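This report is for a reader new to the structure shown below.

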Amino acid sequence: MTRARNAGREPRSPTRRAQLQISFHFIFALIGGLLFLLFFFILIRSVVHTSEEGDTRGLSFKVESIIRTAAATPDTFTVTSLPTRDYRFVCEKDAEGVFSYVQVGQADVADQHALDHVPVFAPRSVEGDELFTLTRTWEAPFPIGSLMVVDNNRTRYVIVDSAGALVQEEPQSFIKEQNLAGFNMQPFSSAMLASYPDTGFDRYRFILFNGNPSAIPVALRDKSTALVVQRHDKGGTLTFYDELGTGIPSATASIVYYGDAMLLAAIFSHDTPSFLCNRGKAYERLDGALLILQRRLTDIKNQKPNPLPAEWNDCLKLYNSAAGLLQAFKGDPTGSFATAAASTPGGPLPALEQVNRRLLNKQDCPLIY
Amino acid sequence: MKRHKRMRNDGERRGQIQFGESLMVVIILVFIMIIGMVFYFRVSSGSVQKELSYREDVGAVTLAKNVLALPEVRCGRLAARGPGCIDALKLKALANILADHGSDTRSVRNYYKDLFGRATIKVHILDLIDNNEEIVLLYNQRPETNLTESRQFIFSTFYDPVQGRQQLAYLNVTRYARRAS
């Protein structure tokens with residue numbers, strides 16, 4: 001009966017179901033495979049992104065560690081090889097205080113206060129694969145703190161003498177100094193400044209001793225900054241020209257300074273806000289340094305060496321004189337400092353140095369600093 | 001009909017088996033992915049811990065070197081006592097300022113608290129003749145909670161300008177990490 005019922009009908013095709021099954025399996029496998037690949041693609045992408053971020057943060061940490069450690073070794077010039085990046089040295093002030101750090105490229109910054117207590121004088125950004133660092137103790141005249149200068153070989157520092165003279169010994173002292181030899185410093189006569197050629201550096205920084213930045217060639221001005229130095233004794237005045245323009249350059253700021261280390265810091269700071277911000281970090285140490293010096297002086301007077309030196313009474317007079325000079329800074333150290341630095345030789349800072357040198361000649365009396 | 005029924009049962013069973021196979025494949029794949037992710041996150045958190053530990057050690061070494069290089073405690077250049085020399089009077093003056101509670105020294109204390117962070121800094125002065133050791137506590141900001149410590153020692157000399165005596169000394173710097181031990 002089944003045979004009769006089925007007579008005339010087409011037999012059921014097992015291949016159609018199989019084909020459907022095969023198609024279904026194929027589609028299923030395709031979707032599954034795509035999902036699988038998508039998952040691993042997302043995973044790998046996030047791993048790569050995290051790894052890049054980690055590398056950049058690691059690099060930022062490394063640069064900050066180099067700078068903090070270098071601050072502990074004064075008068076040392078070091079060259080550090082790093083991956084080629086753009087290293088930005090940021091020092092800014094807001095209502096809450098200073099925040100200072102190194103930013104690598106455009107990456108996020110992990111710690112915006114990493115360099116809050118390290119005065120670092122550098123161009124706003126240093127591009128390249130090398131970092132040159134030099135640390136100097138700022139003595140004014142007693143040691144206050146370490147100042148660090150940073151740059152690389154893509155900047156040319158042109159040291160220009162006073163007008164109407166050959167390259168003088170004073171600016172030459174910068175070039176001759178061994179620790180500065182690594183930086184690209186070149187002495188140049190002011191008489192020929194107008195014809196200074198572009199030798200392919202990324203940046204030019206003109207340091208003019210009692211000179212006029214108008215003589216800087218116009219062709220170089222868009223990648224140049226200038227600093228005019230008027231020096232007297234250990235201090236003087238710095239006039240910053242952050243933008244030179246095409247006409248007569250106008251000064252950005254005129255700032256009093258004291259100490260060779262601070263002059264060096266100004267040379268390596270390519271803009272005024274950065275210099276002032278980092279100088280502020282150095283001034284923070286002034287209160288503490290003054291207080292320690294005063295207490296030390298009191299201890300020397302009270303404890304007295306044993307045996308008492310023959311010239312102790314003379315030394316005591318010098319200690320009392322020094323105590324008076326230090327007291328003058330108390331209360332408004334930075335203000336007094338600026339005033340003292342601006343004064344002619346014989347002001348309180350040189351006077352303190354003189355007292356210390358006289359103590360050095362006494363041999364048996366402890367020095368003030 | 002029996003044959004037809006048997007054939008249909010066979011087909012259904014085969015279909016169920018195949019469905020089961022597909023389901024098993026998916027389950028196994030998901031299982032492998034979960035194991036992979038667990039393994040990956042374990043490894044990455046381990047490397048993060050290692051990186052943190054490295055940074056803490058670097059921080060401790062940097063702090064120790066910077067303390068020794070502070071002009072506030074270093075012997076004066078004109079005294080010509082060599083590198084790594086600590087001036088006794090400067091050290092004691094700074095230690096007294098940091099231990100002080102007066103309002104006139106608050107800004108100075110805050111500055112050094114910010115500079116040194118959570119750390120303990122001691123100078124151990126060795127008297128090799130009397131076989132004695134004097135410890136000067138320069139700074140102590142030990143946190144109340146138990147955090148990991150990273151300790152560094154650096155040898156130096158200790159010069160008393162009044163007595164004119166220079167002794168061997170070492171700096172003992174303990175830096176407290178930000179994470180629990």
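## Terms and basis

A residue is buried if 20 or more other C-beta atoms lie within 10 Å of its own, exposed if 12 or fewer, and partly exposed in between, with C-beta atoms placed from the backbone. This is a predicted model, in which local features need pLDDT of at least 70 and side-chain atom pairs count only at pLDDT 80 or more, while totals for chains, interfaces and linings use all residues. Residues are numbered from 1 along each chain as its sequence is written, and chains are lettered from A and ligands numbered from 1 in the order in which they are written.

## Where the chains meet

Counting two residues as in contact if their C-beta atoms, placed from the backbone, lie within 7 Å, 33 residues of chain A are in contact with 32 residues of chain B. On the side of chain A that touches chain B, α5(A) gives the largest share, eleven residues. Helices (H or I, at least four residues) and strands (E, at least two) are DSSP runs, numbered from the N terminus.

## Positive phi and a cis bond

Most residues other than glycine have a negative phi, and most peptide bonds are trans. N210(A), in the loop between β8 (203-209) and β9 (224-232) of chain A, has a positive phi near 55°. N210(A) counts as partly exposed because it has 16 C-beta neighbours inside 10 Å.

In chain B, N131(B) also is not a glycine and has a positive phi of about 55°. N131(B) is exposed, with 7 other C-beta atoms within 10 Å.

The peptide bond from A140(A) to P141(A) is cis, with omega near -20°.
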